[in-house]
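Student: I'd like to learn how to read a few features off a model. Could you walk me through some, with the general idea before the case?

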Amino acid sequence: MDPRFYDPSADFNTFTPTELTMHAVELPPELESLLEPSQAAATGELRREQMVEFFPDAPTELLSQEKAQEFFPDTPTELLSQEKAQEFFPDTPTELLSPEQHDPLRDAEFLPSLFPHQQEPIRQAPKTPEVPPTIVPRPKRKKRRGWRIVRRIFISIFKWAFALVLAVAVLIGGLVGYLTVTEYSPDQREKADIGNRQVTGTYDGSSILRIVTFNTGYAGLGKDADFFMDGGEGVTPESKETVIDNMIGIERILSDIDADIMLLQEVDTDSKRSYEQDQWRQYEYDLEDYESVFALNYSCDYVPYPIGDFIGKVHSGIATYSRYDIASSTRISLPNSFSWPSRVANLKRCLLVTRFKLAGREQELVIVNCHLEAYDDGEAKQAQTEVLIRFIEKEYLKGNYVIVGGDFNQSFPESEKYPLLNEENWAPGKLDELRRGWQYAYDEKTPTCRLLDQPYDPNEAQYYVIDGFILSPNVQLKRVQTIDEGFVYSDHNPVVLDITLK
């Protein structure tokens, strides 16, 4: 077919009547096979001369009307005669049946009615029969949406938890590193710190010498206090006023006892738990006629325990006050049972040794202030006690008079008055028997200490006798008494000792 026929923009005025008729007629298959693809077929009777012009390659027989019947046996003979065409196409204008009278524009208007079955296909390519698309069923996936959501949640939780753990680890690592670098590491022996006052006077050895030992509990463990290490909940006193009130009460007790030498334990100098009160120097100032020395046994810029309510900064120790001139004072370190890293924020126990010249005697009076291990499995107490005993025995062998006073955190060998009320309660160790001539000086008629598992209740309290003295054989015991102060200002009661020298 002529390509112009399929071009929607083609102008029908460019066609000759015969070409328009040719383009409007569909040839039989037998004739169409003999023509070139670019040539069009004609309908109706064309003159032989015209047929030869348009179909030069067609057999002559096909161009003869008489032979047409042979090639179109199924077509009525009348159709093969132009004169009969009108009979078969009564609705078709005669002009369409006569090639000489063709008008291209007019013919185009009648072609659809003449060939209704070719109205659309003439301008369009043959349509391929519509084949319904093959639908391949998609395999059903398992419903995992819920598990995906749970998985994402767990992944998110894990990421945040990991980040939190990492941050905490970095924080803890940094804190441990800082505390390790700044750890208080005293020498085995070093000079003790000296207070602001100095006194004169020498003990003659013949008059009664009064000594008191008193664990003051940093003025924060009075009758209303409990402590987390003893089974309670408290860490820091309620207020600064509470600490100051307890300090005033402790000073009153000491003034009433009127001792020549005072051995105090748990004396803070700059601690969060006592609201930064310098108790060592405050007692010295308020009690007036005493000079003093001090030895740190707990020094840490930040104690990260217990979790949630940290102890924080602690600078504390033991202090000795005297109305007689102190010739010298030494801090002697005791064995430490704690290993790194817990060691860096723990106590460094020690002995505070003070020496006094005696009037008319060559020997010295050696006074030892001690506060031995409390919260251990017993090995540290034993090791520290052994160091203490070896030291005082050597001093005695030198001819010196030796007195040890303090909080041993151990009961005395023959003291059985206050048994444990509950096996889960904190239990003190047990001191060993001393060598012949040496003696313990204690008073068990009144307890020297109470357990801090709850505020003080005299009917339910767990009591102990762990404060007292050790005397060398050349010291004469005159009196020992525990002063019952009702644990109002501290969790310990003071113990008073009267002696003379032999």
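Student: How many nonpolar, polar and charged residues are in the lining of the second largest pocket, by class?

Tutor: A word on the model before that. It is a predicted model, where local features need pLDDT of at least 70, side-chain atom pairs count only at pLDDT 80 or more, and totals for chains, interfaces and linings use all residues. Residues are numbered from 1 along each chain as its sequence is written, and side-chain values use heavy atoms, with hydrogens and water left out.

Tutor: Now the general idea: rolling a probe the size of a water molecule over the atoms shows where empty space is left. A pocket is an open set of points on a 1 Å grid over the protein atoms alone, where a 1.4 Å probe fits, with protein on both sides within 12 Å along at least five of seven lines; lining residues have an atom within 4 Å of a point. Here the lining splits into 32 nonpolar, nine polar and eight charged residues. For the classes, Ala, Val, Leu, Ile, Met, Phe, Trp, Tyr, Cys and Pro are nonpolar, Asp, Glu, Lys and Arg are charged, and the others, Gly among them, are polar.

Student: Which residues lie nearest the centre of that pocket, and which element gives the largest share of its lining?

Tutor: Of the 49 lining residues, Met229, Tyr298, Ile311, Asn346 and Leu347 lie nearest the centre. Helix H8 gives the largest share, six residues. Helices (H or I, at least four residues) and strands (E, at least two) are DSSP runs, numbered from the N terminus.

Student: Next, helix H10. Which of its residues are buried?

Tutor: The idea to keep in mind: an α-helix has 3.6 residues a turn, so residues three or four places apart point the same way. In H10 (residues 279-287), the buried ones are Gln279, Trp280, Tyr283, Glu284 and Leu287. Down the axis of H10 they fall within an arc of 135 degrees, so they line one face of the helix. That arc is taken over the directions from the helix axis to the C-beta atoms. Buried means under 20% relative accessible area, exposed over 50%, and partly exposed in between (1.4 Å probe, protein chains only).

Student: What covers that face?

Tutor: The cover includes strand E2 (193-194), helix H9 (240-257), strand E4 (261-268), E5 and E6. Just past the end of H10, Glu288 has a positive phi of about 65 degrees.

Student: What about the loop between E4 and H10: is Thr269 buried or exposed?

Tutor: Thr269 sits in that loop and counts as buried because its relative accessibility is 17%. Its contacts (heavy atoms within 4.5 Å) include Trp280, Phe294 and His315. Tyr275 is in the loop between E4 and H10 too, and has a positive phi of about 55 degrees although it is not a glycine. Tyr275 is partly exposed, at 23%.

Student: And how many residues does the largest nonpolar core have?

Tutor: In soluble globular proteins, nonpolar side chains tend to be buried together. A nonpolar core is a set of buried Ala, Val, Leu, Ile, Met, Phe, Trp, Tyr and Cys residues joined through side-chain atoms within 4.5 Å. The largest one here has 28 residues, with Leu365, Ile403 and Phe469 making the most contacts inside it. Strand E18 (residues 495-501) supplies the largest share of this core, four residues. Another core of 23 residues lies apart from it, and includes Phe214 and Val496.

Student: Where is there a cis peptide bond?

Tutor: One joins Tyr305 and Pro306, with omega about -5 degrees; Pro306 lies in the loop between E5 and E6.
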